[in-house]
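Notebook open, viewer open. I'm jotting down what I look up as I go, one topic at a time.

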Amino acid sequence: MKRKRKNNRNPPPRDVTPKSCVMCGKLKGHTDSFLTNFIRKVDLITSVHVMIPNCASMPMEITSALQVQNLVVEKLPLHALLSPHLIRNYLKSGSFCALSLSDDQESQDKVVLLPNGYLCLSLSEETYSRLGLPGKISRISRGNKIGTGKKYEVRIPLLDESYQVNSKKYRNLLAKIKERMENQLFDFAIRFTPNENSKFTIQTLEARFTAGCYQASLKSARVESQTTCDLHIPRIDWRAVEGAKQPVQYANCNDVQEWLGAELLGLTTPIDESFACSMTCPAPPVQSPHVVHTATRGGLVHPECVLGAVQTLSSLLSTADCKIPYACVTALSPTDSPLSRGTLPACSHLDHAVSPTYYSLIVFPGQRYWLFSNSSP
């Protein structure tokens, strides 16, 4: 008897919800640790949050480390970002990152140029058909019947040998973008850190765009600090990770992560009596007299800035008279765009199929840490 074959013509859409995992480790200096390499590889960061319990004010070293400055260029055609001069003297001579800015993230076309040389485009079906470059449908658009339309992903390795500025592939790429995206203008936030021997800086790039009659200006990201009094925080021990024998007097790491997310959004502190939130501090709670928060928003943050803040916190918590139980650092990438998942290339951005859109780091005394991320480290 022949078995009937199941009809798999319309399989259910794949679950692309970010999965979270936790890793426990110990810092091993500033150059060879896993954590240092992980932070340096996550190079598309638009927001950083630092939270320190039992601390009345944020240390000046943390605030200084999170001070970032970007070049904002308005109404720039894409081909101007891909000029031979910019690729030779900026993309190849330092850490260069550009992200298009828009209010409507879902419906508008998006562009990101990563330090590894990958040009990543998130395009509407109309733009994708008109441009004629090879790509694929966005993972977010697969099986999605609700929304503003399908989105397509295009990834181009500009630093690959086949895309040298004098090659045929590069000339064809530039010609297609000039001809078929001529009327599309983007506002870009650009981050550039030159190599030691480079004579080009973010100021020379600003001058070049200005000379080309584009509106370009250096802008600092917003750094906001606030202090909350008498806040309940979870009692945490770095050994209380998932799968380990957890002492009952410490909170579970998964509950701590959920609480951190609520704290990041300000849900743990009611705004008024009409505000209701079911989130409570994981048991057992401890009352902290002061909890200081600092957030950097509105710019592209260099991974070295995050690393500097982490190293400062690790040194602070290692002092003998420190009464801070732990400190939290959260770095966020854009999550409201199809660029968040599936567009960033594996093996070039990170060694994962999916690059993380966030990670949270809890630093403990003794250089111990927990690392939460929505992709496997």
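Is F209 buried or exposed? I looked it up on this predicted model, and F209 is buried, with a relative accessible area of 5%.

**Ring pairs.** I searched the whole structure for aromatic pairs and got 11. One of them is F209 with Y214: the ring centres sit 6.5 Å apart and the planes make 75°, so I logged the pair as edge-to-face. Planes over 60 degrees apart get that label. Y214 comes out at 24% relative accessibility, so I put it down as partly exposed; buried would need a value under 20%.

How accessible is W370? I read 0% relative accessibility, so W370 counts as buried. F372 has 1% and therefore also counts as buried.

I also noted a cluster: ring pairs link Y90, F96, F192 and F200.

**The sheet.** In what order do the strands of the eight-stranded open sheet run? I wrote down β7-β8-β6-β5-β4-β9-β3-β10, with antiparallel pairing. The edges are β7 (136-137) and β10 (215-220), each of which pairs on one side only.

Then I checked what packs on this sheet. Helix α4 (residues 84-91) does, touching β4 (94-101), β5 (110-113) and β9 (185-194). The direction of α4 makes about 130° with that of β4. Helix α7 (residues 202-211) packs on the sheet as well, with β3 (69-77), β4, β9 and β10 as the strands it touches. For α7 against β10 I have an angle of about 150° between directions.

I zoomed in on one strand pair, β6 (residues 118-124) and β8 (residues 151-157). How many bridges join β6 to β8? I found seven, and the two strands run antiparallel. Within this pairing, Y118 stands opposite P157 in β8.

**Whole chain.** Of its 377 residues, 48% are buried. For contacts with a separation of 6 or more, I get 76% from residues 24 or more positions apart. Last entry is surface: the protein chain exposes about 19500 Å², and carbon and sulfur atoms supply 50% of that area.

Conventions:
Residues are numbered from 1 along each chain as its sequence is written. This is a predicted model: local features need pLDDT of at least 70, side-chain atom pairs count only at pLDDT 80 or more; totals for chains, interfaces and linings use all residues. Side-chain values use heavy atoms; hydrogens and water are left out. Two strands pair if DSSP finds at least two bridges between them. Helices (H or I, at least four residues) and strands (E, at least two) are DSSP runs, numbered from the N terminus. Contact means heavy atoms within 4.5 Å. Axes are lines fitted to C-alpha atoms, for helices over the stretch in contact, and angles run from 0 to 180 degrees between N-to-C directions. Rings of Phe, Tyr and Trp (its six-membered ring) pair if their centres lie within 6.5 Å; planes under 30 degrees apart count as stacked, over 60 as edge-to-face and the rest as tilted. Buried means under 20% relative accessible area, exposed over 50%, partly exposed in between (1.4 Å probe, protein chains only). Accessible areas come from the Shrake-Rupley method with a 1.4 Å probe; for residues, only the protein chains shown count as cover.
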